[in-house]
Amino acid sequence: MQAILASMKCAQVILDIQTQALDQAFSYRVPDGPTDPAGTPAKLEVGCSVLVPFGHRDAIGFVVCLEDVETERYLKPIKQVVSPSFFNQLGADCAQFMAERYIAPFSSCVRLFTPPGGVPKMKMIDGRWQILSAKSHEVDDRWVVRLPAADSFTPRKGATKQIAVLSALEQGDLKVADLVAEYGSVAQTLKSLEAKGVVRIEERRRFRGADQESTVFASRVKPAPVLTEGQREALAAIRESRRVAGGQAVVVDGVTGSGKTEVYLQAIADELADGRGAIVLVPEISLTPQTLARFRGRFGDTVAVLHSRMTPGERFDQWELIRSGLARVVVGARSALFAPLPNIGLIVIDEEHEGSYKQDQAPRYVTRDVAWWMAQHSNATLVLGSATPSIESLHYCQTDERWRKVEMPKRANGKPLPPISVVNMGSEFGGGNRSMFSKKLTRALFEELDAGHKVVLLLNQRGFAQFLLCRDCGFVPICDLCSTSLTYHERGNRIVCHHCGHEWTAPSTCPACGSPYLKKFGAGTQRVEDELRALLGEREVAIVRMDADTAVKKGDHQRLLEEFAQAGAAVLLGTQMIAKGLDFDEVTLVGVINADTMLKLPDFRASERTFDLLSQVAGRCGRADLPGRVIVQTYSPDDVAIRAAATYDRERFLAHELRLRKGLGYPPYVRLVNVLAWGRDESKVQALGHELFAGLNNALAKAGEEAWTVFPPTPCVLGRLKGVWRYHILIKAPVSANAQLDVLLGFFRNRKPTPEVNLAVDVDPVSLL
């Protein structure tokens, strides 16, 4: 008997259930005349969230494809359309690309393209699955509009509120809430005036987070300044890339203070003039207020902002503002890349070397690589700006003809970069100085503060990764196989390599010089602040500490910066968050308390991060008329990263670093995958690690992938955190696996979850800590 084919419209739906077991699109029939939950006819498009039957329950899903098919199968119909479209086909394709590249649940990738708090959810209530409304909604304000009839209307004698309201409305429309704030209860007054046809009361959409601020900036839009030679060359490179279809990337390699932001602004102006939009990403949400001021100062209220410290309602409204087309420039942190901006012409990633551009939970994407995919599929230009471009971006410029680099080697104001002095703290210790402040830094502090200037002190640390350091000669135990520092574990008095798993008993004296001063290294900002106050004595100097303890709440970062700016002689003491984006004319000294705490981290990027941080923090001083200077304290004064940073010699650093990475097998010459397992029972975590190690090797052997290397499971640097044991397996793959890691994708999607042990796959990790 011949099968009967039925022609129908079919929707591919990704269920909003984040598990690898359901990580595929399911086919549903599009009913004739789809409706919303209220029974009203609704338009079904790619990007809509829908209610579909799944097994013995209903589920929320996202439409990722619509197609006409002929099939003999029975397809269940979509029950309801529960939201308008959140993303287009490009967004759906990008989510699929991310799910495959980063071995992540498809649903978690799709979620990136939806409004914060704007998606309904399913929840079991009283034994039944029910739809919960979205947490974030549109908010309307009531506005009062003065009508032409008001010109000939005369309020009755004594109607003082009517007179006051009409007088106020002569200046323009007003919110009811503003009238209430000024005149008290006006409900009866407005009702009377509306009945007489003198005013009209209407509902208007309010966009939270963009009320007065955007209006202020729109009223004083600033003209573009004259560009320097370096800025003109960078802008010309971007304009040339815009003329090439298919997507191009430009790395703007500009020293701190070279005026990269102005280049972005003028490139965006080109896109707006052509009817296209732009996305600008910044590395930390703390930088967004400063960046936003620059962009709104140029483009007014066409700028929207998205970052995680906004309330869900504010982010929802900004998201809607972008989708509506009212905002054509999006400024924000990493997640702003997925804003619903139509017709993207330019994507800018400022400070592109920053590790914060790597997502630390599923999907663990690299912002640069997803932005590059978007640029290629949108015929857009990707601009990556930094004073210290990442090694991967520089490698792309050398190996991919679609990438180019343009240099801006001079500051926009013509001022020279400050000289950097390196102080050997081993010599200081040997000379009897037990303070964390060298004699040279102490003298410089007194000189600059006594002159009424400002000082920035950087404590470059990661408190959890402890290592041993000899305070006499600067020796740090290093793994011979991996060229990374060994982490000290008090339990068992061991030093361990967290890449290959080798371990040794911690020596009681320095193997290099025999000194007994081989100790755990590091000090917190609170201790540095206490010693600094004791050092400064009776001097009236403001000390502003900025770290994870003092910059906690929304607005803390800006408040602390304003406190530093308003003071006279002052010291800003902080961690990495102060190393970039700060621009104070009065800062004449930058001191790095200890450069070793990042340099000796057990991570292959430790040298690159140290070089980047020293180069970035040096740019915080001498930016105006007052000259600046930088003092770096270290027990490793001859390390290439420190010496190269001190002389602004990146080529010297890259030559050494790339030679090491090629020999040891690290990016950009290989691709890394870090498989993480964690749980409360260490034996079960270890067992899963060994099971995965064997399974991965078998899968790679069957696929004939002989060039891959899988390392045995080892404890993470943070081996136990809040009662949870953490292990990882490191995989090295050839760069030829650049497009997809198909073997790993199939392996992890087909395996069943392990009870009581969690598993995560981090493709292209930026840190192995």
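How many residues does helix 20 have, and how far does helix 20 reach from its first C-alpha to its last? The points below take this up, then move to the core, the rings and the backbone.

1. **Ground rules.** This is a predicted model: local features need pLDDT of at least 70, side-chain atom pairs count only at pLDDT 80 or more, and totals for chains, interfaces and linings use all residues. Residues are numbered from 1 along each chain as its sequence is written, and side-chain values use heavy atoms, with hydrogens and water left out.

2. **Overall.** The protein chain has 22 helices and 33 strands. These are DSSP runs, numbered from the N terminus: helices are H or I with at least four residues, strands are E with at least two. Of the 769 residues in the protein chain, 54% are buried. Buried means under 20% relative accessible area, exposed means over 50%, and partly exposed is in between (1.4 Å probe, protein chains only).

3. **Helix 20.** Helix 20 covers residues 650-664, which is 15 residues. Helix 20 reaches 21 Å, close to the 21 Å expected at 1.5 Å a residue. The expected span is 1.5 Å times one less than the number of residues. Gly-665 follows helix 20, and its phi is positive, near 80°.

4. Arg-650, Phe-653, Leu-654, Glu-657 and Arg-661 are buried. Seen down the axis, the buried residues of helix 20 fall within an arc of 90°, so they line one face of the helix. The arc is taken from the directions from the helix axis to the C-beta atoms. The face turned away carries the exposed residues Glu-651, Arg-659, Lys-662 and Gly-663. Cover for the buried residues includes strand 11, helix 12 and helix 19.

5. **Cores.** The largest nonpolar core has 78 residues. Such a core is a set of buried Ala, Val, Leu, Ile, Met, Phe, Trp, Tyr and Cys residues joined through side-chain atoms within 4.5 Å. Trp-403 and Phe-338 are among those with the most contacts inside the largest core. Apart from this core lies another, of 42 residues, including Ile-391 and Leu-613.

6. **Aromatic rings.** Rings of Phe, Tyr and Trp (its six-membered ring) pair if their centres lie within 6.5 Å; planes under 30 degrees apart count as stacked, over 60 as edge-to-face and the rest as tilted. The count comes to 13 aromatic pairs. Phe-113 and Phe-338 pair edge-to-face, 5.1 Å centre to centre, with 75° between the planes. Phe-113 lies in the loop between helix 2 and strand 6, and Phe-338 in the loop between strand 14 and strand 15, so the pair ties together parts that are 225 residues apart in sequence. Phe-338 and Tyr-365 also form an edge-to-face pair, at 5.3 Å and 90°. Phe-87, Phe-113, Phe-338 and Tyr-365 form one aromatic cluster.

7. **Backbone points to check.** Most residues other than glycine have a negative phi, and most peptide bonds are trans. Where does the model depart from this? Glu-351 has a positive phi, near 50°, and Tyr-648 has one near 55°. Glu-351 counts as buried, at 9% relative accessibility, whereas Tyr-648 is partly exposed, at 33%. A cis peptide bond joins Ala-362 and Pro-363, with omega about -5°. The bond from Pro-667 to Pro-668 is cis too, with omega near 15°.

Methods
Contact = heavy atoms within 4.5 Å.
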